[in-house]
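Below are some notes for a colleague who has not looked at this structure before. They are set out as numbered points, to be read beside the model.

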Amino acid sequence: MSLPTEQSGSAAPNPPAVAARNAPAVVRRDATVIVAGGTSDSHTWNLVFLQLLLEELGFDVVNLGPCVPTDLLVSESLARRPALLVVSSVNGHGYQDGIRMIGKVRERAELSAVPAVIGGKLGIAGAQSAEQLAELVAAGYDAVFDDGAEGIASFRRLLDSLPQRVLT
């Protein structure tokens with residue numbers, strides 16, 4: 001097989017044609033994910049990490065930032081109809097913030113089927129009890145992730161289950 005050459009007749013390969021032929025497929029997801037910090041959580045590094053991780057996996061990300069008012073979370077979710085809503089906490093008040101936030105989201109019938117997850121440091125005293133985790137799920141979260149290695153691995157498995165398409 002011969003490589004394409006420039007019109008001048010030189011034997012040099014056309015770099016874009018070679019690069020395109022050898023480029024790996026890019027996974028692009030037909031999905032938007034909304035990332036939000038809890039209403040009382042002013043930390044940003046966790047939100048930036050989540051955004052970069054999600055973008056690396058091919059998602060469109062709307063990062064609402066820290067201290068997200070519940071009304072903003074609801075209005076953005078209504079406007080964008082995300083494939084996933086992610087609430088992240090670092091300050092240890094994720095349990096309380098999360099209960100209030102998901103309650104307002106789930107009050108809207110249009111958002112009742114939007115998958116929502118929460119994770120990070122959800123309490124100031126360490127890991128949440130099984131009862132508290134169950135309360136977060138009962139309030140409307142589809143999954144709760146701790147801030148340890150298993151929580152991150154479980155979150156990645158959840159992301160793998162969301163819609164995707166491969167672009168070449």
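1. In this predicted model, helices α4 and α5 (residues 130–139) pack at an angle of about 20°, with their axes 9 Å apart. That angle makes α4 roughly parallel to α5; under 35 degrees counts as roughly parallel, over 145 as roughly antiparallel, 65 to 115 as roughly perpendicular and the rest as oblique. Axes are lines fitted to C-alpha atoms, for helices over the stretch in contact, and angles run from 0 to 180 degrees between N-to-C directions. Helices (H or I, at least four residues) and strands (E, at least two) are DSSP runs, numbered from the N terminus.

2. The crossing of α4 over α5 is left-handed, a term for a near helix turned anticlockwise from the far one by less than a right angle, with right-handed for clockwise. From α4, Tyr95, Gly98, Ile99, Ile102 and Arg106 meet Gln132, Glu135, Leu136 and Ala139 of α5. By class, the residues of this contact are five nonpolar, two polar and two charged. Ala, Val, Leu, Ile, Met, Phe, Trp, Tyr, Cys and Pro count as nonpolar, Asp, Glu, Lys and Arg as charged, and the others, Gly among them, as polar.

3. Helix α2 (residues 45–56) and helix α6 (residues 149–160) pack at an angle of about 40°, and their axes are 12 Å apart. α2 is therefore oblique to α6, and the crossing is right-handed. Leu50, Leu53 and Leu54 in α2 meet Phe155, Arg156 and Leu159 in α6. This contact has five nonpolar, no polar and one charged residues.

4. How many aromatic pairs does a search of the whole structure find? There is one, made by Phe145 and Phe155, and it is edge-to-face, at 5.5 Å centre to centre with 75° between the planes. Rings of Phe, Tyr and Trp (its six-membered ring) pair if their centres lie within 6.5 Å; planes under 30 degrees apart count as stacked, over 60 as edge-to-face and the rest as tilted. Phe145 is in strand β6 (residues 143–145) and Phe155 in helix α6, 10 residues apart. Both Phe145 and Phe155 are buried (buried is under 20% relative accessible area, exposed over 50%, partly exposed in between; 1.4 Å probe, protein chains only).

5. Helix α3 (residues 70–80) has as its buried residues Thr70, Leu73, Val74, Glu76, Ser77 and Leu78. These pack against β2 (32–37), β3 (60–63), β4 (84–89) and α4 (94–106).

6. Cys67, in the loop between β3 and α3, has a phi near 50°, a positive value in a residue other than glycine. Cys67 is partly exposed, with a relative accessible area of 35%. Arg81 lies in the loop between α3 and β4 and has a positive phi of about 45° although it is not a glycine. Arg81 is also partly exposed, at 49% relative accessible area.

7. Buried residues make up 39% of the 168 residues. Of the contacts with a separation of 6 or more, 78% are between residues 24 or more positions apart, where contact means heavy atoms within 4.5 Å.

8. On conventions, residues are numbered from 1 along each chain as its sequence is written, and side-chain values use heavy atoms, leaving out hydrogens and water. Local features need pLDDT of at least 70 and side-chain atom pairs count only at pLDDT 80 or more, while totals for chains, interfaces and linings use all residues.
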